[in-house]
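This report walks through selected local features of one protein model. Please keep the sequence and the structure in view while reading.

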Amino acid sequence: MSHEEFPTDRPAVVTCGLPYANGDLHVGHLRTYVGGDVYARALETLGQETAFVSGSDMHGTPVAVNADKEGVSPEEFALEWHETYKETFPQFDIAFDNYGHTHDETNTETTKEIVRELAAAGHIYEKEIMVAYDPIEDQHLPDRYVEGTCPYCGETARGDECDEGCQRHLEPGEIEDPVSSITGNPAEYHERTHKFFEVSEFEEYLTEFLDRLEGTSNAQNQPREWIESGLQDWCITRDLDWGIDYPEDADGDDPNDADGDEDDDADDLVLYVWVDAPIEYISSTKQYTERVGSDAFDWEQPWKEGGEIVHVIGRDIIQHHAIFWPAMLNGAGYVEPRAIMASGFVTLGGKGFSTSRNRAVWADEYLDEGFHPDLLRYYLATNGGFQQDVDFSWEKFRDRVNTELVGTLGNFVYRSLLFAARNYGGAPDATVSDEVDDRIAEAVDDFAAAINDYSIRKAGNAAIDLAAFGNEYIQRNEPWKLTDDDPERAEQVIYDCVQLSKALAVLFQPVAPDTCDRLWSQLGEAGDVADTTVAVAREAPQGAFDEPDELFEKIEAERVEELNEKLEQRVEAATDDEADEDDDADDTEDTMSDDTTDADTDAQAADLEPLTDERISFEDFQDLDLRVGEIIDAEGVEDADKLAKLQVDIGHEQRQLVAGIKQLHDLNELPGTRVIIVANLEKAELFGVESNGMLLAAGEEADLLTTHADAPIGTRIQ
Ligand SMILES: [Zn+2]
């Protein structure tokens, strides 16, 4: 079954993985939140009714452990971080319609209600299990209170997750050689009665659900493997004071546990943090409805009747969102997610950010350096596919800002509006040309296709490509030469450029809301560009406006040097720390995509692109038709600096390919060279020349791939 394309008549809810109320936000954390915000704004631009919600994750042992250390109550500790996040997100224009937290009344009540519904449907049972216990302190040691050895991979594991080894979720009692992470005392295992959610019963449902699920492919593929290896039921209670109490009136299906005969441990138990955390998505939507009224947005529609639920998360919490959560929703009679977008991590010099070791670029630090939030939003949203890891460096940041934002988009808009304001006091008297109207329609289609493909990168590129077209258009038509000879033609060209600028404001708003708001004012348009939909991109500009200011400022090379120096010192200090001491417990952030990719990389690897975590199936690989070919002829493509046109013999036929190797190889030397080509890549046209396939080459220098024995021309690579 496939879903209807966006926009649909049903309301959408876009959610972001809850930040764990446990420490400062860094640029790496922001990727998911920027991604969610861009996606939610883009859905609205498409005309989809959308609520964008999240909240702070207050519960669980990392909060309790750290509050302990600081000598404050977990509630006080978590609320302080919650307030910080609530202030930080708007500074990056991450505009949640509601931002709650998991400890508030709405979430407490909603969680208990859902647990009661699951129990009433017979999905919860009791079981006696062994849990870790510190006999000296007389303290139970749930999750992060205990450390030991992972039974699956033998790495040191903490609490409920093998975050330095195999990344598995660990059930209570699974860790071997347990010690208390608070006191270091060796732990014992004690028998306790706990509640279990029978995830294993949902195997068939989940298998079908994953076939329907949209979003990034990692959110479907990984869970399929987990299902194949057998689903375990899930212990949903903990021996802990901090959390939401297991509802005593939940009716389990244990026939021996008659009401009134309370001989079990249920009254001391709180729910595992991963039960109430995703329920905050529902609770936060409820609070939004409470605030704006059910006429404006009715939470029950998306969650109970049928809506478009899109979860934006870090890839470290796929299991919770693609297995446990849909099983809970299904078991309690709620609507399942339509899509899960699971982002890769952000690395620094190829290594993970580390909160506790200060190996990070902090969110407030970025703003203190005086950079506009839209620059980082653009960088995080478009620098690589959403599920790929993105390496942050100030050089790359500067490069993207200066080339694309300043050089392409900013430059086009500024020169167009300046010319229009000086010569005509705004948009000249004309109507849009067919060429420009068609090109804008194409950009709108690209934008819509990108959002339906869950690619915020492509959505951002739709605008940048349109701006590149604008630059080419104004350059080609040279309106500055026409004002005297052909004033009508000059008016036409400039009108077209104003129209393009208007379309850019609409289409780029999800990525750069504040900048596009300024552009909207510069264009003399009324209202808020964030309230417009794609149709407005082709509506006539309003007319009068003054000379514009530039939208973006260039980042100077010296600035990057300065920032790099700061960062390098910090990374060095962090690396020294790392050598000295083992990891400490405050480095744990369950719900955010953080530094779980802290694995050591050697120094050499720092310049390499991070490896893609996502595996493809053998079938996917087989879809690629790779062939041995021989270059017959090579010549440069006219007017293109980098492109060469190649004739390649691939056995069955001769193919024409365009490749970006003009300056990197001596074209006269190429005929006779054995190469590898992708034969079944869709055809493309570059500078008016058709390219029918792709030449494979490595790195910036385009080192050509070849064969080393005598495989005949046309041989398939397998
Ligand atoms: Zn492990």
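Predicted model: local features only at pLDDT ≥ 70, side-chain atom pairs only at ≥ 80, totals over all residues.

A residue is called buried under 20% relative accessible area, exposed over 50%, and partly exposed in between.

## The zinc site

The zinc ion takes its protein donors from the SG atoms of Cys-150, Cys-153, Cys-162 and Cys-166, which lie 2.3 Å from it. Along the chain these donors follow the spacing C-x2-C-x8-C-x3-C.

The arrangement is tetrahedral because the four donor atoms subtend angles of 101 to 116° around the zinc ion. For four tetrahedral donors the ideal angle at a metal is 109.5 degrees. Cys-150 has 2% relative accessibility and therefore counts as buried, whereas Cys-166, at 26%, counts as partly exposed.

## Helix α5 and its covered face

In helix α5 (residues 203-212), the buried residues are Tyr-205, Leu-206, Phe-209, Leu-210 and Arg-212. Seen down the axis of α5, these buried residues fall within an arc of 155°, so they line one face of the helix. Glu-204 and Asp-211 are exposed on the other side of α5, while the cover over its buried residues includes β10 (214-215), α6 (218-228) and α9 (318-331).

## Thr-110 in helix α4

Thr-110 has its place in helix α4 (residues 105-120) and, with a relative accessible area of 0%, is buried. Leaving aside residues up to four places away in sequence, Thr-110 touches Ile-279, Ile-282, Ser-283 and Lys-286; with Lys-286 there is also a polar contact of 3.0 Å between the side chains.

## Aromatic pairs

A search of the whole structure finds 29 aromatic pairs. One of them is the edge-to-face pair of Phe-6 and Tyr-454, at 6.2 Å centre to centre and with 80° between the planes. This pair links parts of the chain 448 residues apart, Phe-6 lying in the segment before β1 (12-16) and Tyr-454 in the loop between α13 (434-452) and α14 (456-477). Both Phe-6 and Tyr-454 are buried.

The pair of Tyr-33 and Phe-89 is tilted, because the ring centres are 4.8 Å apart and the planes stand at 45°. Tyr-33 belongs to helix α1 (residues 27-45) and Phe-89 to helix α3 (residues 74-91), 56 residues apart. Tyr-33 is buried at 2% relative accessibility, and Phe-89 is buried at 1%. Tyr-33 and Phe-89 form one aromatic cluster together with Phe-52, Trp-81, Tyr-85, Phe-96 and Tyr-99.

Technical notes: Residues numbered from 1 in each chain as written. Heavy atoms only, no water. Donors = N, O, S within 2.8 Å, 3.2 Å for Na, K, Ca; no water. Tetrahedral: all angles 85-135°; square planar, octahedral: opposite > 155°, others 65-115°. Buried < 20%, exposed > 50% of the residue type's maximum accessible area, 1.4 Å probe, protein only. Helix = DSSP H or I, 4+ residues; strand = E, 2+ residues; numbered from the N terminus. Arc of directions from axis to C-beta. Contact = heavy atoms within 4.5 Å. Polar contact = N/O pair within 3.5 Å; in protein donor to acceptor, adjacent residues only side chain to side chain. Phe/Tyr/Trp six-rings, centres within 6.5 Å; stacked < 30°, edge-to-face > 60°.
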